[in-house]
Amino acid sequence: MISIQHVSKTYGHAERTARSVSALVDINLEIGDGERFGIIGMSGAGKSTLVRTINLLERPTEGRIVVDGQDVTDLTGADLRAYRRRVAMIFQNFGLLAQKSVLDNVCFPFLAATGRVTAENRARARELLERVGLAEKAEAYPNQLSGGQQQRVAIARALACDPEVILCDEATSALDPKSTNTILKLLRDISLETGVTLVVITHSMDVVEKICTQVAVLEDGRVVEQGPVERVFAAPAAEATRVLLGKVDWDA
Ligand SMILES: Nc1ncnc2c1ncn2[C@@H]1O[C@H](COP(=O)(O)OP(=O)(O)OP(=O)(O)O)[C@@H](O)[C@H]1O
Ligand SMILES: [Mg+2]
């Protein structure tokens, strides 16, 4: 269980200039184990910032991140690296290493964690490539793959650490709708198979409806609505949610 407690994030905080930006304001969220949690909101609402505070790529200016009862907010060094292995992130641009083969990319977390890659690690990486349907691409290089295939390599790499949580920021926006569906179905199936918690930022309400169990709506750095997807989509309470769902009557 990830508990986000009174988290605020102000960029440019230290300089105390007029240009400081309140990206997150007093965020409180609980993300349960095995949940598939969608985060939606307009551009600039704070979605990426929020997800990056979960794995501490951004440190909250205020508030705490508590995971399974452990306050992780101030972790550093080896503890931070160990935490990040539990909370994997799939980046918008896939983040693959161009000079390394697909197999070596998937093995990279093992290398980063232990300084070496064992035969067992390689066997596990091949299993994961099999799981994402890319067993035959193990020796290829990222630039020889389509966007959707690169995305699947990124998922296999994320799974290499046996994470408890996968964070996914717009992971599908660079893809065509068919590849997007394949990827999201894969993530949903993996979540169902392994119980891994998913936190997904998306601009697609279809995506939320199809793969998420819970959703939070951000507006100007604040959570304006949250709850089970079925409830929120059937009866959106916040204006921001209605706008995102296209349920606003512009002529009213
Ligand atoms: N490194 C940074 N330095 C200063 N301001 C930042 C930084 N990163 C984000 N911001 C600001 O914080 C706010 C939230 O940005 P964020 O990237 O979290 O939005 P988002 O909801 O992910 O938007 P999008 O849907 O466009 O990706 C924005 O006003 C943005 O300009
Ligand atoms: Mg973003």
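Predicted model: local features only at pLDDT ≥ 70, side-chain atom pairs only at ≥ 80, totals over all residues.
Close-up 1. A polar backbone atom of Gly46 is 3.0 Å from an oxygen atom of the ligand, and an N or O atom in the side chain of Lys47 is 2.7 Å from an oxygen atom of ligand 1. Taken alone, ligand 1 exposes 640 Å², of which the protein buries 59% (areas from the Shrake-Rupley method with a 1.4 Å probe; for residues, only the protein chains shown count as cover).

**Close-up 2. The shell around ligand 1.** The residues that surround ligand 1 are Tyr11, Val21, Ala23, Met42, Ser43, Gly44, Ala45, Gly46, Lys47, Ser48, Thr49 and His203, where a residue is near a molecule if one of its heavy atoms lies within 4 Å of it. Helix H1 (47-54) and strand E2 (21-31) are the elements that give two or more residues to this shell, and H1 provides the largest share, three residues; helices (H or I, at least four residues) and strands (E, at least two) are DSSP runs, numbered from the N terminus. By class, the shell has five nonpolar, six polar and one charged residues, with Ala, Val, Leu, Ile, Met, Phe, Trp, Tyr, Cys and Pro counted as nonpolar, Asp, Glu, Lys and Arg as charged, and the others, Gly among them, as polar.

Close-up 3. Strands E9 (residues 214-219) and E10 (residues 222-228) run antiparallel and are joined by six bridges, pairing being assigned if DSSP finds at least two bridges between two strands. Leu218 has Val223, in E10, as its bridge partner. Two residues lie between the strands of this hairpin, and Asp220 in the turn has a positive phi of about 50°.

**Close-up 4. Cys168 and Cys212.** A search of the whole structure finds zero disulfides, a disulfide being a pair of cysteine sulfur atoms within 2.5 Å. Cys168 is in no disulfide, because its nearest cysteine sulfur, that of Cys212, is 9.8 Å away, too far for a bond. Cys168 counts as buried at 1% relative accessibility, and Cys212 is also buried, at 9% (buried means under 20% relative accessible area, exposed over 50%, partly exposed in between; 1.4 Å probe, protein chains only).

**Notes.** Residues are numbered from 1 along each chain as its sequence is written, while chains are lettered from A and ligands numbered from 1 in the order in which they are written. Local features need pLDDT of at least 70 and side-chain atom pairs count only at pLDDT 80 or more, whereas totals for chains, interfaces and linings use all residues, and side-chain values use heavy atoms, with hydrogens and water left out.

Notes:
Polar contact = N/O pair within 3.5 Å; in protein donor to acceptor, adjacent residues only side chain to side chain.
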